[in-house]
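Subject: Structure for you to look at

Hi,

Here is the structure I promised to pass on. Please open it and keep it on screen while you read my notes below.

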Amino acid sequence: MTASAPPAGVADAVAGRMSRREVLQALSGLMVGLFVSILASTVVANALPRIIADLHGSQTVYTWIVTTELLAMTATVPLWGKMADLYSRKLLIQLSLGLFVAGSLVAGLTPNVEILLVSRVIQGIGAGGMTALATIVMAAMIPPREMGRYAGIFGAVFGVGTIAGPLIGGVLVDTSWLGWRWCFLIGVPFSILSIVLLQRTLHLPVVRREVRIDWAGAFLITTGVSTLLVWSSLAGQKFAWASGWTALMVVGGLALLAAAVFVESRASEPIIPLDLFRNRTVSLTTVASILVGVAMFGGTVFLSQYFQISLGKSPTVAGLMSLPMIFGLLVSSTVAGQLITKYGRWKGFLVGGGVTMTVGMLLLGTIDAHTNILLLSVYMAVLGVGVGMLMQNLVLAAQNDVPAHELGAATSALTFFRSMGGAIGVSALGAVLANRITTLMTEKLGPLAAGGASGSTHEVPDISALPGPVRQIVQEVYGTATAELFLIGAPIALLALVAVLFIKEKPLHNLSGDERRAKEEAAGIAPMH
């Protein structure tokens, strides 16, 4: 078949390609939805103490208000991605936003912590759908060669939602006529706006064919991943890392995932097609995504605590101090996207991002309670630049190298593993931080630490309530422990760079996902509608 006479399906798909104006209009709805779904994971960070006090919750509930949403989001991403390959993507993305609205309303009006935890699960399921489907819909509308022009915007929205959440939450909590309930309610009008915008602007062909959802595989993957995430969030706090509970949960989780691999290898429509990982690019981008997840989530979570305890800043000021990282991520993801579109080369940006992220981690490994704010801002900007060049371009590399009918599964797999890396990374690094703080506090305060002069080494101290000399020691301890955490993170970032170095650069496609699918169907290498 010559280039001048493309198959009928391809010709129809190209003829129906959305114009740039239509793409930007559809992206407006996607960006609004993506931003609020990511915000749900981070906006409560600075509001948690007030929420727990008002609802009379325990320290265990404190952890689970964040963890339940992250668990539900991470565990359901593969299922959303698979359904995107089988059903209407427009309908699915609106359904995920609807679930998010329902969960947000219940959370904002909750009378107690039990209902709040249930609402966070509903929010997480909706956020998982939005996070996975936004990138899948982009790939369906836009050829990889043009993706950089728009992918930078999405990478920036993801980063801003992750890092700006604590700032927004802090402002809402500190504003007397709003309060913590608006941390949940603020997303409702934006989600409804996103649903309306998508209904009016998103026009994608609906795949109609006989489908089979592998429910057994979905159950085993979700249960196995959830077991490991629950273990990583509780180990070191509720029980020792080396304990019977650890053995039970790790062995149980791995056994469930092994069963999932067995089921997936025999399913006609697997949730995560195992054949994907025979593709070198997908395997390497998956590894790199896990490691980037650890760096991004871990870095932002613990920097917020460092600002408030070690530097003695308020929740709102702590949020403002995150702006250099947001700015670095925004600029690098946008500029890299534009240059990839212009020149069609992408691996250099992945390598540069890996190097820059590692350098940023090492620089933040030098901070303490007396670090100059300007110097700290430069270090954070460097880390933001590195993450910005890596995050969305890893997805682009994988999408460019898989068949069009597996775009949804490949994209959701990367999103899934990045979220899982972030969840396990935050839990593991958090346990390391807690143990290091306890050790340093005991070394410096001796009997005073056990006696509660520091506010207890097992609780986050209220700096303003501590005597001067003790406050100075506590601030130094948190500064030292946070710096050590970034030094642990630096080798993780270096491993991401190593994975990226082995990815083979391939020319970017000039056809969108739907156009490629039509071409594959015409050639008989993809399922027919």
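Start with helix α14 (residues 323–343) and helix α16 (residues 373–400) in this predicted model. They pack at an angle of about 40°. Their axes lie 7 Å apart. That angle makes α14 oblique to α16. The crossing of α14 past α16 is right-handed.

Which residues make the contact? From α14 come Pro324, Met325, Gly328, Leu329, Ser332, Ser333, Ala336 and Ile340. The α16 side includes Ser377, Met380, Ala381, Leu383 and Gly384. Further along, α16 also brings in Val385, Val387, Gly388, Met389, Asn393 and Leu396. Sorted by class, the contact of α14 with α16 has 12 nonpolar and seven polar residues. It has no charged residues.

Next, the empty space inside. A general point first: rolling a probe the size of a water molecule over the atoms shows where empty space is left. Here the count comes to eight cavities of 30 Å³ or more.

Look at the second largest cavity. Its volume is about 90 Å³. The lining of this cavity has 11 residues. Nearest its centre lie Thr131, Thr135, Phe158, Gln392 and Arg418. Which elements give two or more residues to this lining? They are α6 (113–141), α7 (144–174), α16 and α17 (407–445).

How does the lining of the second largest cavity divide by class? Six residues are nonpolar, four are polar and one is charged.

Best wishes

Note on methods. Residues numbered from 1 in each chain as written. Predicted model: local features only at pLDDT ≥ 70, side-chain atom pairs only at ≥ 80, totals over all residues. Heavy atoms only, no water. Axes fitted to C-alpha atoms, helices over the stretch in contact; angles between N-to-C directions. Helix = DSSP H or I, 4+ residues; strand = E, 2+ residues; numbered from the N terminus. Parallel < 35°, antiparallel > 145°, perpendicular 65-115°, else oblique. Left-handed = near helix turned anticlockwise from the far one by under 90°. Contact = heavy atoms within 4.5 Å. Nonpolar A, V, L, I, M, F, W, Y, C, P; charged D, E, K, R; others polar. 1 Å grid on protein atoms, 1.4 Å probe; cavity = no way out; pocket = protein on both sides within 12 Å on 5 of 7 lines; lining within 4 Å. Points joined across faces, edges and corners; volume = space filled by probe spheres on them.
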